[in-house]
Amino acid sequence: MAKDKVEETSELQWGLLCRGEFSQVNGIILQKKVCDCWDKIWNFQAKPDDLLIASYPKAGTTWTQEIVDLIQNDGDTEKSRRAPIHLRQPFLEQIKMTYSGIDQANMMPSPRTLKTHLPVQLLPPSFWEENCKIIYVARNPKDNLVSYYHFQRMNKSLPDPGSWDEYFETVLAGNVVWGSWFDHVKGWWKKKDSHPILYIFYEDIMKDPKCEIRKIMEFLGKNLKEEVLDKIVYNTSFDIMKKNPMTNYLNEITMNHNLSPFLRKGIMGDWKNQFTEAQNKQFNEYYEKNMADTSLSFCIEP
Ligand code: A3P
């Protein structure tokens with residue numbers, strides 16, 4: 001089948017799909033199918049050698065996941081291209097028609113690397129009991145929310161965001177799947193004082209990828225040569241990852257990449273193309289108020 005025919009067919013399927021349904025667990029909006037299986041997720045048994053990559057959606061999760069996988073495989077791109085990223089590193093709270101992230105993880109040999117977007121208070125307790133290493137990646141709220149807006153437009157497993165102006169109000173009201181960005185980043189930031197969490201920033205990886213990749217490598221207890229680190233920097237650059245079918249969720253039926261690609265722009269400061277002046281002012285005030293009780297700070301200006 002010709003390539004354009006494949007895309008045409010999947011777009012047609014996407015058009016016929018309905019948006020998912022949503023419910024709540026302890027006040028956090030999640031997909032209804034996730035809430036329905038909550039006991040199974042909450043009772044997930046982590047193992048001491050599990051590594052967890054946690055983030056707010058659209059903070060640079062896939063980027064971090066690919067960096068981690070390449071570090072674990074000593075920079076070997078053949079090995080890292082063995083399967084799409086969501087099969088290499090199960091998504092804990094993912095519930096599909098035919099499988100769940102939990103089932104995938106349970107079937108996987110150790111050591112396992114897992115992914116979650118859960119806020120810290122909803123993480124299954126076995127991760128704390130087993131003292132698992134966790135990498136948390138955070139991104140400045142303005143770029144994070146713009147990215148999330150475009151992701152909700154193209155991904156029918158999430159609510160229709162409506163117009164940007166409508167979405168902006170939804171965000172300020174905290175009515176977003178996986179909860180408020182503020183609570184998420186602050187909650188995980190606080191937890192790192194009592195648990196082995198490497199807290200990294202999207203903006204830092206952008207500015208000095210090798211330095212951040214080295215930080216992750218040391219956290220994982222690996223020691224790779226300089227040329228291997230350079231190879232990982234190259235293979236996790238935006239342009240290379242955008243061309244890599246294993247990091248793009250191309251076969252995800254709920255996503256319409258013609259509306260907005262998964263690896264969309266990969267830049268800092270795209271919020272300047274989306275926020276009006278009034279929205280920027282309003283958001284800055286909201287940010288000051290909501291970040292007053294934390295030592296956490298973000299690089300918002302590119
Ligand atoms: P944009 O929508 O701003 O482009 P997540 O993996 O958490 O869903 O995050 C997706 C965001 O990370 C997207 O942001 C995507 O383009 C960006 N991203 C993914 N890989 C990247 C890379 N190698 N370099 C820079 N940004 C990257």
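**Close-up views of a predicted model**

**View 1. Lys192 puts its charge over a ring.** The charged end of Lys192 is placed over the ring of Trp189, 3.9 Å from the ring's centre. For a charge to "sit over" a ring here, NZ of Lys or CZ of Arg has to be within 6 Å of the ring centre and within 35 degrees of the ring normal. Arg139 does it too: it lies over the face of Tyr202, 3.9 Å from the ring centre.

A quick word on the model: it's a predicted one, where local features need pLDDT of at least 70, side-chain atom pairs count only at pLDDT 80 or more, and totals for chains, interfaces and linings use all residues. Residues are numbered from 1 along each chain as its sequence is written, and side-chain values use heavy atoms, with hydrogens and water left out.

View 2. Rings of Phe, Tyr and Trp (its six-membered ring) pair up if their centres lie within 6.5 Å; planes under 30 degrees apart are stacked, over 60 edge-to-face, and the rest tilted. That rule gives 28 aromatic pairs. In one of them, Tyr149 and Tyr167 are tilted, with 5.4 Å centre to centre and 40° between the planes. Tyr149 belongs to helix α9 (residues 141-154) and Tyr167 to helix α10 (residues 164-172), so this pair links distant parts of the chain, 18 residues apart. Helices here are DSSP runs (H or I, at least four residues), numbered from the N terminus. Tyr167 is buried at 1% relative accessible area; buried means under 20%, exposed over 50%, and partly exposed in between (1.4 Å probe, protein chains only).

**View 3. Helix α14 has a buried side.** In α14 (residues 226-235), the buried residues are Val228, Leu229, Ile232 and Asn235. They sit on the same side of α14 because they cover an arc of only 130° around the axis, counting directions from the helix axis to the C-beta atoms. The face turned away from that side carries exposed Glu227 and Tyr234. The buried residues of α14 pack against α4 (61-72), α5 (77-80), α13 (209-219) and α15 (238-243), where contact means heavy atoms within 4.5 Å.

View 4. The ligand is surrounded by 18 residues, the closest being Thr61, Thr62, Ser147, Tyr202 and Lys265; to count, a residue needs a heavy atom within 4 Å. A polar side-chain atom of Arg264 lies 2.8 Å from a ligand oxygen atom.

Definitions and conventions: Helices (H or I, at least four residues) and strands (E, at least two) are DSSP runs, numbered from the N terminus. A polar contact is a pair of N or O atoms within 3.5 Å; within protein, one must be able to donate a hydrogen and the other to accept it, and residues adjacent in sequence count only if both atoms are side-chain atoms.
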